[in-house]
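Welcome! Have a look at the structure first, then read on.

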Amino acid sequence: MTPSGSINGGFQAEYVQDGDKLYVFPDKSVFIFKVENGKLKGESSWVEKATFKKSEVPFSEEPFVFPSYNIDAGLLFDFYKLNYKEGTDEGSFHMFENEDDYIKQTAVLCDKGLTAACGAYFGTLYLKSAGGLESLPDENVRKDFSNNPQMEKIAERMITLGDARGYGLLGSYLYATGKEEEAMKIYKE
């Protein structure tokens, strides 16, 4: 298995290769490719029927380069299996079927240093602090947001591990808890 923190230095995404399958996590989804003869053939819904080959991407100006951080390929693949039906990009819904177990498993992966799992762990705690799924359409979520110092620790762990997405999560938490000035400082970092 082969992991990385970014693709081409300018595209933030973790990836892991298992045999001839390449799993790319660009954000909140997964792209699955078959590696064949130096090309990537899309197999999952977002990239289905697309074929990619290695090329240089021209930039008209200096590109933003995301900082790199260490990723354990085995942990990333465990995270994939926790969130998707294996071999597909179809969500597993484990979080909704057994939220406590999902939180426990993402916490373990986060503790082992997988920042993608830290982000998922943070997200589930954020959702709980906001009152759960049924409260999301509510405009008053911020007023009812419950403090959870663990969320701040998770975001800080991501930052310490070199994953810049931790700054956004920490800022979101601070903003939701009414610490707008602190949140704005973090967003600027």
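**A loop residue to start with**

Thr-177 sits in the loop between helix 7 and helix 8. Its relative accessible area is 19%, and since anything under 20% counts as buried, Thr-177 is a buried residue. Leaving out residues up to four places away in sequence, Thr-177 touches Phe-145 and Asn-147. Please keep in mind that this is a predicted model.

**The chain as a whole**

- The chain has 8 helices and 6 strands.
- Along the sequence, the elements follow the pattern β-β-β-β-β-β-α-α-α-α-α-α-α-α.
- The chain has 189 residues, and 39% of them count as buried.
- Taking contacts between residues at least 6 apart in sequence, 43% join residues at least 24 apart.

**Helix 7 and helix 8**

- These are the two helices on either side of the loop that holds Thr-177.
- Helix 7 covers residues 165–176 and helix 8 covers residues 180–188.
- The two pack at an angle of about 170°, and their axes are 8 Å apart.
- How do the two helices run, roughly parallel or roughly antiparallel? An angle over 145 degrees counts as roughly antiparallel, and helix 7 and helix 8 are therefore roughly antiparallel to each other.
- On the helix 7 side, the contact is made by Tyr-167, Gly-168, Leu-170, Gly-171, Ser-172, Leu-174 and Tyr-175.
- On the helix 8 side, Glu-180, Glu-182, Ala-183, Ile-186 and Tyr-187 take part.
- By class, the residues of this contact are 7 nonpolar, 3 polar and 2 charged.

**A closer look at Ile-186**

- Ile-186 belongs to helix 8 and is one of the residues in the contact with helix 7.
- With 12% relative accessibility, Ile-186 counts as buried.
- Setting aside neighbours within four places in sequence, Ile-186 is in contact with Tyr-167, Leu-170, Gly-171 and Leu-174.
- Ile-186 and Leu-174 are 12 residues apart in sequence, and their C-alpha atoms are 8.9 Å apart in space.

**Helix 3 and helix 4**

- Which hand does the crossing of helix 3 and helix 4 have, left or right? The crossing is left-handed.
- Helix 3 brings Glu-99, Asp-100, Tyr-102, Ile-103, Thr-106, Ala-107, Leu-109 and Cys-110 to the contact.
- Helix 4 brings Ala-117, Cys-118, Ala-120, Tyr-121, Thr-124, Leu-125 and Lys-128.
- This contact has 10 nonpolar, 2 polar and 3 charged residues.

**Ser-129 in helix 4**

- Ser-129 is part of helix 4.
- Its relative accessibility is 6%, and Ser-129 counts as buried.
- Not counting residues up to four places away in sequence, Ser-129 touches Asp-144, Phe-145, Ser-146, Asn-148 and Met-151.

**The nonpolar cores**

- The largest nonpolar core has 22 residues.
- Which of its residues touch the most other members? They are Tyr-23, Phe-25, Phe-79, Tyr-80 and Leu-114.
- Strand 3 (21–25), helix 1 (73–83), helix 3 (99–111) and helix 4 (115–129) each supply at least two residues of this core.
- Helix 1 gives the most, with 7 residues.
- Tyr-80 touches Tyr-23, Phe-25, Val-30, Ile-32, Lys-85, Glu-86, Gly-87 and Thr-88, with residues up to four places away in sequence left out.
- A second, separate core of 19 residues includes Cys-110, Tyr-121, Tyr-173 and Leu-174.
- Cys-110 and Tyr-121 also take part in the contact of helix 3 with helix 4, while Leu-174 takes part in that of helix 7 with helix 8.

**Two residues with positive phi**

- Asn-37 has a positive phi of about 55°, although it is not a glycine.
- Asn-37 lies in the loop between strand 4 (31–36) and strand 5 (39–42).
- At a relative accessible area of 75%, Asn-37 is exposed.
- Phe-93, which is also not a glycine, has a positive phi near 65°.
- You will find Phe-93 in the loop between helix 1 and helix 2 (94–97).

Conventions
Residues numbered from 1 in each chain as written. Predicted model: local features only at pLDDT ≥ 70, side-chain atom pairs only at ≥ 80, totals over all residues. Heavy atoms only, no water. Axes fitted to C-alpha atoms, helices over the stretch in contact; angles between N-to-C directions. Helix = DSSP H or I, 4+ residues; strand = E, 2+ residues; numbered from the N terminus. Parallel < 35°, antiparallel > 145°, perpendicular 65-115°, else oblique. Contact = heavy atoms within 4.5 Å. Nonpolar A, V, L, I, M, F, W, Y, C, P; charged D, E, K, R; others polar. Core = buried A, V, L, I, M, F, W, Y, C linked by side-chain atoms within 4.5 Å. Buried < 20%, exposed > 50% of the residue type's maximum accessible area, 1.4 Å probe, protein only. Left-handed = near helix turned anticlockwise from the far one by under 90°.
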